[in-house]
Amino acid sequence: MKTVLQNNRRGFTLVELLTVVLIIGVLTSVALPQYTRSIERSRATEAMVGLKALNDAVYAYAAGRTGANACPTSFKKLATLLNGTLGGTNNNTLTTKDFVYTINAASNARIPGTDCPGVTAKRNAGTKYDYVIWNPYLKGSDSKAKSLRCYSPSNSVKSKEVCQSLDLYVEGERP
């Protein structure tokens with residue numbers, strides 16, 4: 001004789017299982033783009049910190065120096081260095097996992113108190129983002145004139161979104 005408890009012991013139906021899988025798929029498709037954007041924002045923030053440290057090191061190097069050797073032309077001359085590989089002419093590029101930092105790249109951007117150009121951070125090739133972050137060190141009362149600048153060499157919408165999400169001034173063209 002069957003009891004009532006034995007009749008109610010059945011598993012999930014195929015429709016119920018497919019419904020749960022569909023819901024999980026929709027939630028994943030909504031969350032994944034936001035996750036990749038937040039990861040890229042954190043990488044860009046890391047580049048901004050690196051830029052600050054390297055530009056401060058350029059300033060420290062140039063303090064008290066005059067003449068042709070006042071500005072560093074190599075990352076080897078700086079008192080600070082990020083974890084990466086030196087390269088380029090006279091070791092003027094530093095390649096990290098996510099960025100390529102270049103000294104003397106932005107000729108119109110001068111570090112205050114010196115005649116030295118600053119350092120730029122360019123997103124490594126091979127990713128879907130291609131932005132460059134730099135600090136123009138421009139003088140003026142406009143708050144945007146003193147903020148970090150960002151541009152995308154290929155005019156990529158995704159790259160510009162990263163720049164805007166970090167409240168960086170988005171340039172239309174390279175420095």
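Arg 123 touches Glu 40, Arg 43, Asp 98, Phe 99, Tyr 129, Asp 130 and Tyr 131, leaving out residues up to four places away in sequence; contact here means heavy atoms within 4.5 Å. The model is predicted, so local features need pLDDT of at least 70 and side-chain atom pairs pLDDT 80 or more, while totals for chains, interfaces and linings use all residues. Residues are numbered from 1 along each chain as its sequence is written, and side-chain values use heavy atoms, without hydrogens and water.

Arg 123 is found in strand E4. Helices (H or I, at least four residues) and strands (E, at least two) are DSSP runs, numbered from the N terminus. Arg 123 is buried, with a relative accessible area of 6%. Buried means under 20% relative accessible area, exposed over 50%, and partly exposed in between (1.4 Å probe, protein chains only). The side chains of Arg 123 and Glu 40 are joined by a polar contact of 2.7 Å. Such a contact is a pair of N or O atoms within 3.5 Å; within protein, one must be able to donate a hydrogen and the other to accept it, and residues adjacent in sequence count only if both atoms are side-chain atoms.

Five salt bridges are found in the whole structure. Each is a side-chain nitrogen of Lys or Arg within 4 Å of a carboxyl oxygen of Asp or Glu. One of them joins Arg 123 to Asp 98, with the closest N and O atoms 3.8 Å apart. This pair links distant parts of the chain: Asp 98 lies in the loop between E2 and E3, 25 residues from Arg 123 in strand E4. Asp 98 is buried at 10% relative accessibility. Salt bridges that share partners join Glu 40, Arg 43, Asp 98 and Arg 123 into one network.

Within helix H2 (residues 14-62), Arg 43 and Glu 40 are three residues apart, about one turn of the helix. Their side chains form a salt bridge of 3.7 Å, N to O. Glu 40 is buried at 2%, whereas Arg 43 is partly exposed at 26%. Helix H2 also holds Lys 52 and Asp 56, four residues apart. Their salt bridge spans 3.1 Å between the closest N and O atoms. Lys 52 is exposed at 51%; Asp 56 is partly exposed at 37%.

Two loop residues have positive phi. Asn 90, between strands E1 (85-87) and E2 (93-95), has phi near 55°. Asp 167, between helix H3 (157-165) and strand E7 (169-170), has phi of about 60°.
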